[in-house]
Amino acid sequence: QMVGTPNLVFDCDQLGPQPVTIYVAALTPAGDVVQTSVNTFIDVQDNNNICPPSGRKLSVNGSLATEDQRMLENANVALLGSELTRITDVNGNFDFNNMDNGGTYTVSPEKNDDHLNGVSTLDLVMMQRHILGLSNLNSAFKYKAADVNNDKKISASDLVELRKLILGIYTELPNNKSWRFVDEAANLSDFTKVFEANEYKYIDNLSSSVMDNNFTAVKVGDVNASATVNAHDNTTDTRSSKTLTLATVEQSYNAGESVQIAITADNFDNIAGAQWTFNFDNKALAFENVVAGALSLTNDNIHLQNGKIAFSWNNENGLTIDKDVVLFTIDFRAITNNTISNTFSLTSDITKAEAYTHDLSEIKLGLTFRSVNDGEFALDQNNPNPFSSTTAISFTLPEAGEATLKIFDITGKTIKTMTGQY
């Protein structure tokens with residue numbers, strides 16, 4: 001015996017969401033009836049306006065838009081008091097039809113996906129300058145975006161949390177949602193009031209179709225408002241044609257050797273921040289350490305993950321560093337015989353490769369491998385190493401002439417001297 005009725009009839013007194021239970025039954029090969037059910041809602045609508053005015057339902061609608069009026073798509077909006085939800089369209093709109101006259105409702109938006117959308121080291125630069133009082137954020141919504149750890153203030157701990165997201169240590173922020181929504185009617189003359197502003201709309205005694213349930217959408221961590229918000233978002237890449245070129249000297253290495261990759265830059269001019277990923281062949285090289293040079297890198301600036309090293313560095317004032325000065329060095333231990341250029345590269349695999357000048361312009365970031373330049377002296381590693389009978393030692397001279405090669409034992413005693421014209 002099934003529970004329920006074969007059909008339901010609704011009239012003008014039952015417009016709007018109505019709870020129903022739907023039953024499904026199946027007959028097994030043994031002749032048994034198996035039954036299950038689900039509770040859901042039917043939205044009864046008066047599309048032809050045949051109900052009298054006293055029974056006609058009202059609408060609750062609105063939109064979600066960023067501070068710069070870009071409409072947010074695919075956000076969930078709940079209408080508490082009706083058990084209904086809507087997803088915003090490409091124009092950021094939502095609409096709840098056939099709500100009860102006199103009803104009490106709360107409009108509550110939410111979107112908690114793609115936490116990295118719009119987030120980069122450039123946001124860290126802007127947040128750090130604000131914290132140090134060098135250049136304050138100029139809107140309440142930027143304050144909201146910078147409150148990464150959701151403690152209603154902007155501090156160094158927000159920088160730490162956001163950098164972990166940039167480096168791939170976090171896939172989402174542990175103490176915050178990806179998007180926050182501020183009631184458009186909130187008084188934000190004091191920017192700090194945004195931390196207390198309502199993130200919902202309360203409707204008491206609905207008496208007319210409500211058209212102003214609008215919210216300002218804030219992408220957490222995206223202080224420079226670069227997040228993609230909908231399918232039609234035509235936010236352009238403002239990156240200049242300039243490229244910051246990192247460089248290292250090509251070298252060969254043999255299994256068991258210590259390998260140091262010293263990174264310099266040709267044009268490190270007034271750079272306020274940069275981020276990138278170095279990939280290395282973890283079958284050829286074993287990572288050991290990053291040693292700071294002209295850049296004050298610590299373990300907080302890097303993240304090692306499966307043959308990839310993500311970097312995020314920033315400086316509030318911007319730095320200019322000479323071409324031949326080492327920015328930092330990466331120490332490896334060689335597992336096999338190979339060369340640096342074959343086993344080491346710059347990518348955007350974890351953290352997108354880009355840099356930022358002091359005026360907050362985005363520029364490209366590249367890596368080049370240099371051979372030993374003319375005018376420089378270099379002594380290369382012997383090959384093979386270790387060896388049993390013979391080994392080859394290569395070196396480069398600034399110009400042709402006489403050169404002397406001395407070989408010492410571990411006590412410092414000279415055991416062989418070779419002089420010749422090269």
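The model is predicted, and local features were kept at pLDDT of at least 70, side-chain atom pairs only at pLDDT 80 or more, while totals for chains, interfaces and linings use all residues. Residues are numbered from 1 along each chain as its sequence is written, and side-chain values use heavy atoms, without hydrogens and water.

Let me begin with the helices. By buried I mean under 20% relative accessible area, by exposed over 50%, and by partly exposed anything in between, with a 1.4 Å probe and protein chains only.

Helix H1, residues 121-131, is mostly covered, with 10 of its 11 residues buried. Among them are Thr121, Leu122, Asp123 and Arg129. Contact means heavy atoms within 4.5 Å. The buried residues of H1 pack against H2, H3, S14, S17, strand S21 (354-357) and strand S22 (362-370). After H1 comes Gly133, with a positive phi near 75 degrees.

Helix H3 runs over residues 156-167. How far apart are the end C-alpha atoms of H3? They are 17 Å apart, which agrees with the 16 Å that 12 residues should span at 1.5 Å a residue; the expected span is 1.5 Å times one less than the number of residues. The buried residues of H3 include Asp158, Glu161, Arg163 and Leu167. Their cover includes H1, helix H2 (140-146), strand S14 (268-280), strand S16 (302-304) and strand S17 (308-321). H3 is followed by Gly168, whose phi is also positive, near 85 degrees.

I turn now to the cores. A nonpolar core is a set of buried Ala, Val, Leu, Ile, Met, Phe, Trp, Tyr and Cys residues joined through side-chain atoms within 4.5 Å. The largest has 36 residues, of which Leu246, Trp276, Phe278, Phe311, Phe328 and Phe344 touch the most other members. Which element gives the largest share of this core? Strand S14 does, with 6 residues. Phe311, leaving aside neighbours within four places in sequence, is in contact with residues including Leu167, Ala274, Trp276, Phe328 and Thr351. A second, separate core of 25 residues includes Tyr143, Val148, Leu188 and Val194.

Ala274 lies in strand S14 and counts as buried, at 3% relative accessibility. Beyond four places in sequence, the residues that Ala274 touches include Thr121, Phe311, Trp313 and Tyr356. Ala274 and Leu167 are 107 residues apart in sequence and 12 Å apart in space, C-alpha to C-alpha.

Val38 belongs to strand S2, residues 33-44, and is partly exposed at 46%.

Finally, the backbone. Most residues other than glycine have a negative phi. Asn74, which is not a glycine, has a positive phi of about 60 degrees; Asn74 sits in the loop between strand S3 (58-65) and strand S4 (76-80). Leu360 has a positive phi near 70 degrees and lies in the loop between S21 and S22. Leu360 is partly exposed, with a relative accessible area of 30%.

Conventions:
Helices (H or I, at least four residues) and strands (E, at least two) are DSSP runs, numbered from the N terminus.
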